[in-house]
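Good morning, and thank you for making the time.

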Amino acid sequence: MTQLTPVTLRPHLGILDDGDTVEDALLQSFIDAAWKYCCRYTRRDLSSEFGSDVPADLLLAQTMLASHFFQYREATVEENTKEVPLGAKDLLADFRDLS
């Protein structure tokens, strides 16, 4: 696999215009935060373990998290609160270091 980038995240978010790069810096910050979440949740240094060859399930978990951060940008919302997607935690569970 590869690493998640704004270009590969945009279609997942419904941003289909390749020229729509206005939010790329913001998307990159969500991508970085999602990766750090993955590392903290698994208690592993995933960057040094996998480098740029990220396994598909880790990449999907990072994509789900970055999308969640994009959709819920504020700390709280009036309508309802959303926890981190359970599917992301399920994908990360096999990589979690419980020792």
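Let me first define an axis: it is a line fitted to C-alpha atoms, for helices over the stretch in contact, and angles run from 0 to 180 degrees between N-to-C directions. Helices (H or I, at least four residues) and strands (E, at least two) are DSSP runs, numbered from the N terminus. Please bear in mind that this is a predicted model, in which local features need pLDDT of at least 70 and side-chain atom pairs count only at pLDDT 80 or more, while totals for chains, interfaces and linings use all residues. Residues are numbered from 1 along each chain as its sequence is written, and side-chain values use heavy atoms, with hydrogens and water left out.

The protein has five helices and zero strands, so that from the N terminus on the order of elements is α-α-α-α-α. Of its 99 residues, 34% count as buried, a term that means under 20% relative accessible area, against over 50% for exposed and partly exposed in between, with a 1.4 Å probe and protein chains only. By contact I mean heavy atoms within 4.5 Å. Among contacts with a separation of 6 or more, 70% come from residues 24 or more positions apart.

I turn now to the helix pairs. At what angle do the axes of helix α1 and α2 cross? The axes of α1, residues 6-13, and α2 come within 10 Å and cross at roughly 90°. The two helices are therefore roughly perpendicular to each other; the classes are roughly parallel under 35 degrees, roughly antiparallel over 145, roughly perpendicular from 65 to 115, and oblique for the rest. On the α1 side the contact is made by Pro 6, Leu 9, Arg 10 and Leu 13, and on the α2 side by Asp 24, Leu 27, Gln 28 and Ile 31. By class, that contact has five nonpolar, one polar and two charged residues. Here Ala, Val, Leu, Ile, Met, Phe, Trp, Tyr, Cys and Pro count as nonpolar, Asp, Glu, Lys and Arg as charged, and the others, Gly among them, as polar.

Asp 24 deserves a word of its own. With 17% relative accessibility, Asp 24 counts as buried. Leaving aside residues up to four places away in sequence, Asp 24 touches Pro 6 and Arg 10.

Next comes the pairing of α2 with α4. The axes of α2 (residues 24-42) and α4 (residues 56-71) come within 8 Å and cross at roughly 130°, which means that α2 is oblique to α4. The contact draws on several residues of α2, including Phe 30, Trp 35 and Cys 38, and on residues of α4 including Leu 65 and Phe 69. Its residues divide into twelve nonpolar, one polar and no charged.

As for α1 and α4, their axes come within 10 Å and cross at roughly 65°, which makes α1 roughly perpendicular to α4. Leu 9, His 12 and Leu 13 of α1 meet Thr 63, Ala 66, Ser 67 and Phe 70 of α4.

Finally, the cysteines. How many disulfides does the structure hold? The count is zero, a disulfide being a pair of cysteine sulfur atoms within 2.5 Å. For Cys 38, the nearest cysteine sulfur is that of Cys 39, 6.8 Å away, too far for a bond. Cys 38 is buried at 0% relative accessibility, and Cys 39 is buried as well, at 16%.
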